[in-house]
Number of protein chains: 4
Amino acid sequence: MLDAMKVGILTGGGDCPGLNAVIRAAVKTGIARHGFEMLGIEDAFHGLVDLGYQSPHGNRWLTEMDVRGIQTRGGTILGTSNRGDPFHYVVKSESGKEIETDISDRVLENMHRIGLDAIISIGGDGSMRIAQRFFEKGMPIVGVPKTIDNDLGATDQTFGFDTAVCIATEAIDRLSDTAASHDRVMLVEVMGRDAGWIALHAGLAGGADAILIPEIPYRIDAIAKMIAQRSAAKQKYSIIVVSEGAKPLGGDRSIGETRAGAMPRLMGAGSRVAEGLRELVSADIRVTVLGHIQRGGPPSSFDRNLATRYGRAAADLVATKQFGRMVALRDGQIVTLPIADAIAKPKLVDPKSEMVETARALGTFFGDEP
Amino acid sequence: MLDAMKVGILTGGGDCPGLNAVIRAAVKTGIARHGFEMLGIEDAFHGLVDLGYQSPHGNRWLTEMDVRGIQTRGGTILGTSNRGDPFHYVVKSESGKEIETDISDRVLENMHRIGLDAIISIGGDGSMRIAQRFFEKGMPIVGVPKTIDNDLGATDQTFGFDTAVCIATEAIDRLSDTAASHDRVMLVEVMGRDAGWIALHAGLAGGADAILIPEIPYRIDAIAKMIAQRSAAKQKYSIIVVSEGAKPLGGDRSIGETRAGAMPRLMGAGSRVAEGLRELVSADIRVTVLGHIQRGGPPSSFDRNLATRYGRAAADLVATKQFGRMVALRDGQIVTLPIADAIAKPKLVDPKSEMVETARALGTFFGDEP
Amino acid sequence: MLDAMKVGILTGGGDCPGLNAVIRAAVKTGIARHGFEMLGIEDAFHGLVDLGYQSPHGNRWLTEMDVRGIQTRGGTILGTSNRGDPFHYVVKSESGKEIETDISDRVLENMHRIGLDAIISIGGDGSMRIAQRFFEKGMPIVGVPKTIDNDLGATDQTFGFDTAVCIATEAIDRLSDTAASHDRVMLVEVMGRDAGWIALHAGLAGGADAILIPEIPYRIDAIAKMIAQRSAAKQKYSIIVVSEGAKPLGGDRSIGETRAGAMPRLMGAGSRVAEGLRELVSADIRVTVLGHIQRGGPPSSFDRNLATRYGRAAADLVATKQFGRMVALRDGQIVTLPIADAIAKPKLVDPKSEMVETARALGTFFGDEP
Amino acid sequence: MLDAMKVGILTGGGDCPGLNAVIRAAVKTGIARHGFEMLGIEDAFHGLVDLGYQSPHGNRWLTEMDVRGIQTRGGTILGTSNRGDPFHYVVKSESGKEIETDISDRVLENMHRIGLDAIISIGGDGSMRIAQRFFEKGMPIVGVPKTIDNDLGATDQTFGFDTAVCIATEAIDRLSDTAASHDRVMLVEVMGRDAGWIALHAGLAGGADAILIPEIPYRIDAIAKMIAQRSAAKQKYSIIVVSEGAKPLGGDRSIGETRAGAMPRLMGAGSRVAEGLRELVSADIRVTVLGHIQRGGPPSSFDRNLATRYGRAAADLVATKQFGRMVALRDGQIVTLPIADAIAKPKLVDPKSEMVETARALGTFFGDEP
């Protein structure tokens, strides 16, 4: 009889509602269907860099009982890390300086030392690049795509996105009550550095008056004009949803070069729009930055199910030894494709898409018209 | 200059989260984009049967202000009705007997009397049949599909379904706490008369131990055996999600002909399974019927957006005079198709589908194995 | 140096949101403040009846890590039981017959065998009676009151109640959407066998048209009249909240002796009212029984905090050896009192109270006026 | 027969969940019980300053239908204003300069012009002061206290507070998922300029590791030490809840005079703590400012009911002509007291209170120990 395959599983990058559902599905399928032994690797690749490393998450062999019910919880039981690319690992030199170094060989070595036969890596674009490099170095690895921003070209939807949109929509609903009571302009900054998906979906669901996304640079004077027109029409409050990556037309200089210099370095997109508007309109303007609350909490049913399907499919990929591949969703079906094909195909909001057109038809302003 | 088109909009069948979002989108698009005058017709076709008819909803010309923010609310501001097919209208005769009669001509007449140029009908399978018959009689009508059960073949997803799944999942989460604390078998009956979509999606998301759906007839003895096996493995509680249309293999007689006769006529699927199990296992078994709470409350972001896109597309269908057609979702895109093509193509859960297989891989039991 | 005190903690009766917060607070306070060793006893007193007994909950020594974050979760990590009064313990005789027997001595013996110096018992009226009898037999025991129905005279409020009211209110909100859309009479049956607190609080918060509670027997004809009057005033839908213990004036016979006999034995209060109304009004009447979903899920902030304060106070009672006492809330303060004083003082809704009067002032009907 | 009393109702200050429940209860009780005619006055006193003034809220006579179901919604249907004290009204002079002027006589005049016999003013400390001054000038006015911060000495609890605590607790729950996954220090800034009630209640419910409130000045080095100790004990993440009014011991200078000068003027308490910690510990520190989302959305059941009881009691005060008085909650009972007595008695968190002691017993740090 053959020995059981030993399979490591890890989560990399920012946490995202649904990570635990992937872990649970992969572990349950792995153990019950394929007879794997499943090792939870802690804090992304950190758990393979230094086998003595110990965070509260901890490298540990997982049982079905360990993953019971975890699909209902946010975060990841394995821990994660935004840093720790083994090909560009940052260590402190004796002088205290940070030095980048390639420790990928050590990771491979440690993997063999533990006796792992395969790795399931759940992560975003960065994690998939690392996975691909490890695959090219001979690591038997499969991928599960993850980004709360939904901006991966390889898959129609990523888990976590639906939950983030639900949270952002609920926040917009709440802020609308206050905005309406006080005749205010409320700016809500949501996640989305490169792509405006969360802003578009939550803004449409919440009935925002304007939605500012990276894909459609805004003109601050056009937004000011909209507010003035609404006010003249006795619509004294406005809700404006702003992606964290929203940019003014022509870049930040459009707000005024001098002022920009004086502004705090880390001012977010929402605050930047507010600053710009305050110079142009007399309305009472407030900014709310949703930030990290968009990431946590119980995943939505949709995200739990998508993540569960991914997790099971990833375990099957390992069982059939289809390494170097990742799972994805296409037209409602779970498919697999080479990780190499998936990298660097971001999925952005098409300004001409039916969804944007629908929002416009309902009177939503994207900050781009004169 | 041409007169503005006058367009009536109505909602038929059971209420469903997202109806108000369709109404809002159609009204806003109709008025602002196409210059329509939009009439809200009350209580499905009742508002066109008797022009003097008045419910609290009321036939009334709608403004953009009337629909502001309604996408956040459950129900329908127009009222709806499960009865009232104008081709089989039920009236009380003088003797008090109920008589079915065809009053479709009167509806057409009333439509012309009000001066309506087109109708947007939002409804389920029944409503689409009525729409088709009216279309064949010359009524300029377009359709928007609606079923909380998600069992329409014409469209990949219907609005309301995602919200219902979220509510059912949350209920399963709650019941799991109690089941685990008391070592109980908890049966949760969810909507789904012909199709098990809600049970499958909520059951998978909630981590149910068994899911019973109409498409996979169950064997009560197999379920009892599963409970006994779990109990022997120290898993003393089980969550079983039951579609209201779940059926035992071989029909209801499998529970025992005598007993069945003694059972109340209206016993639901959940209670029927409980009765059967109580004869076979000693576990503490409880039934919760979610019922109407699955229908109300704020629609999920997904449902608001799908409904909004449908509503806008329906208004565009009217503007381009593509009558006899309905909107639908296919592979993420809004498409249109003849209402006639859409009727009577139910969409059922395929027992061999990847989603069912995923649930099985995770250990979920469908009541069908020995 | 003295040995650490060994303290057992158990939860009895129906589960209730907040139990885990009590456990966490007692364990953390016990360990960190008083140096206790804390034993989690499984399934109420079952864990002390048979030391070999093992449910998934399990007798186990608890660490602070074991209780981290559990205040956010429903149910009880210790398991509970509605049965298992050691003074009337039910065992199966060899012939299979159930026999009641007093095994309280065995429980005391087992307690000493484990080396426990004290017990913290969290439970309802029944559990407090058992605690008092054990205290009289010499057991060093303290009590934490628990009832989701809020009907304990000894304390102003019990944890779990606020959460149950929130869940019931949300359900009423949802059902109102559907009722309004369909012009229906919606009956919502909520918990409350002896006291109408949940119905009163949720009904008032949800704006129910009628609230039926055990303390105010209803007249079915009066309710029918109310529905007719509302209908005549174009208010075609009504929401009626019904305590599970609501009773018609004069007892069940008022519905008609013959019919009652034909009705299923276990028909709930909601269904009974519906049956009665269907004979008197033509409205479309639906019943929703909330049942167990009122018990589970994350406790409200209020319940977490009340339970936390109780748990800490109970640990302090043990530390100061004030056995035979329980904690309670009086005018916002945590107090302690003899368990003996607390038993059998139910707290019922006063039909003349300001809260009932407020509901009446807002037009809520209690089913009692002609 | 006497003419009906005409009663105006207005809401002042920041919006707060429960305002609509007060309005509904006062309007329903006023109309149905006392035969009042009820005028909704727009945007606090603005609606009485200029009778031609018109916001979307609008002065209007309210019917019972106008207030149906509004207790489920956040905000206020009457609009509100943080500005507009008629005794210090700000107007723009012709030169564009803002001038403060006393227009209280005009308000009284306008009140008589409309024919109002009484005013119900719902508002915070500021609004109560204005009410008292108007009462002294002869206005028949009664008060309903409102502050989301719960810091009014006159009443045991204000509506809106429970909802705000629930929202903040849910946010802490979410952030805990992310903090635990990333081994981060998460700072959550909640409302509470002068009093730490929201931070204390939400922090205790969410199991925060530290709670910083205005009543207990913090030492940044002590917090840094706590983080280091937790890290050493393998608890690599911490949740710190910060009132917006939290202050370092000795005032802001403790962070370092030079740095403070360089910091943006409007840096909130959360960011200030983060800045301080970043100099002392190497942990990954993130700040989330909940801001306005704490104010909106459906009020909790508790807040709806407290607000409803206040609204009814306020209408009764008017009916019995007990002007110059306000309603309050004392030991669970609705009472009334002179507005004059209620002003300027803030209710702060007592650092020695049982609730703070409970939090400390559970290991929560208040930033004050060495």
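Between domain 1 of chain A and domain 2 of chain A, about 690 Å² of area is buried, and carbon and sulfur atoms give 52% of that area; buried area here is the accessible area (1.4 Å probe) that two parts lose on being put together, summed over both. Within domain 1 of chain A, the residues A:Ile148, A:Asp149 and A:Asp151 supply 61% of the area buried against domain 2 of chain A, more than any other three residues. This is a predicted model, in which local features need pLDDT of at least 70 and side-chain atom pairs count only at pLDDT 80 or more, while totals for chains, interfaces and linings use all residues. Residues are numbered from 1 along each chain as its sequence is written, chains are lettered from A and ligands numbered from 1 in the order in which they are written, and side-chain values use heavy atoms, with hydrogens and water left out.

**The two domains of chain A**

- The domain assignment gives chain A a domain 1 covering 6–159 + 299–330 and a domain 2 covering 165–295 + 350–361, with bounds that come from an automatic or database domain assignment.
- The centres of domain 1 of chain A and domain 2 of chain A, taken over C-alpha atoms, are separated by 35 Å.
- Contact, meaning heavy atoms within 4.5 Å, joins 8 residues of domain 1 of chain A to 9 residues of domain 2 of chain A.
- The side of domain 1 of chain A that touches domain 2 of chain A has 3 nonpolar, 2 polar and 3 charged residues, where Ala, Val, Leu, Ile, Met, Phe, Trp, Tyr, Cys and Pro count as nonpolar, Asp, Glu, Lys and Arg as charged, and the others, Gly among them, as polar.

**Chain A with chain B**

- Chain A and chain B bury about 3,500 Å² between them, with 45% of the area given by carbon and sulfur atoms, and 39 residues of chain A are in contact with 39 residues of chain B.
- On the chain A side, A:Arg68, A:Arg312 and A:Leu362 lose the most area to chain B, and together they account for 18% of what that side buries.
- Between chain A and chain B the count is 6 salt bridges, and in a salt bridge joining B:Asp173 and A:Arg304 the side chains meet at 2.8 Å, N to O.
- There are also 24 residue pairs in polar contact between chain A and chain B, both residues at pLDDT 80 or more.
- Helix 10 of chain A gives the most to the side that touches chain B, with 7 residues; helices are DSSP runs (H or I, at least four residues), strands are likewise DSSP runs (E, at least two), and both are numbered from the N terminus.
- By class, the residues on the side of chain A that touches chain B divide into 12 nonpolar, 12 polar and 15 charged.

**Chain D with chain A**

- The contact takes 41 residues from chain D and 41 residues from chain A, and the two chains bury about 3,100 Å² between them, 50% of it on carbon and sulfur atoms.
- In chain D, the residues D:Arg174, D:His292 and D:Ile293 lose the most area to chain A, together 22% of what that side buries.
- Between chain D and chain A the count is 0 salt bridges, whereas 14 residue pairs are found in polar contact, both residues at pLDDT 80 or more.
- Helix 5 of chain D gives the most to the side that touches chain A, with 9 residues.
- A:Arg174, placed in helix 5 (residues 161–182) of chain A, touches D:Ile167, D:Ile293, D:Gly296, D:Gly297 and D:Pro298, not counting residues up to four places away in sequence.
- A:Arg174 counts as buried because its relative accessibility is 11%, and buried means under 20% relative accessible area, exposed over 50%, and partly exposed in between (1.4 Å probe, protein chains only).

**Chain pairs without contact**

- No contact joins chain A and chain C, whose closest C-alpha atoms lie 11 Å apart.
- No contact joins chain B and chain D, whose closest C-alpha atoms lie 11 Å apart.

Notes:
A salt bridge is a side-chain nitrogen of Lys or Arg within 4 Å of a carboxyl oxygen of Asp or Glu. A polar contact is a pair of N or O atoms within 3.5 Å; within protein, one must be able to donate a hydrogen and the other to accept it, and residues adjacent in sequence count only if both atoms are side-chain atoms.
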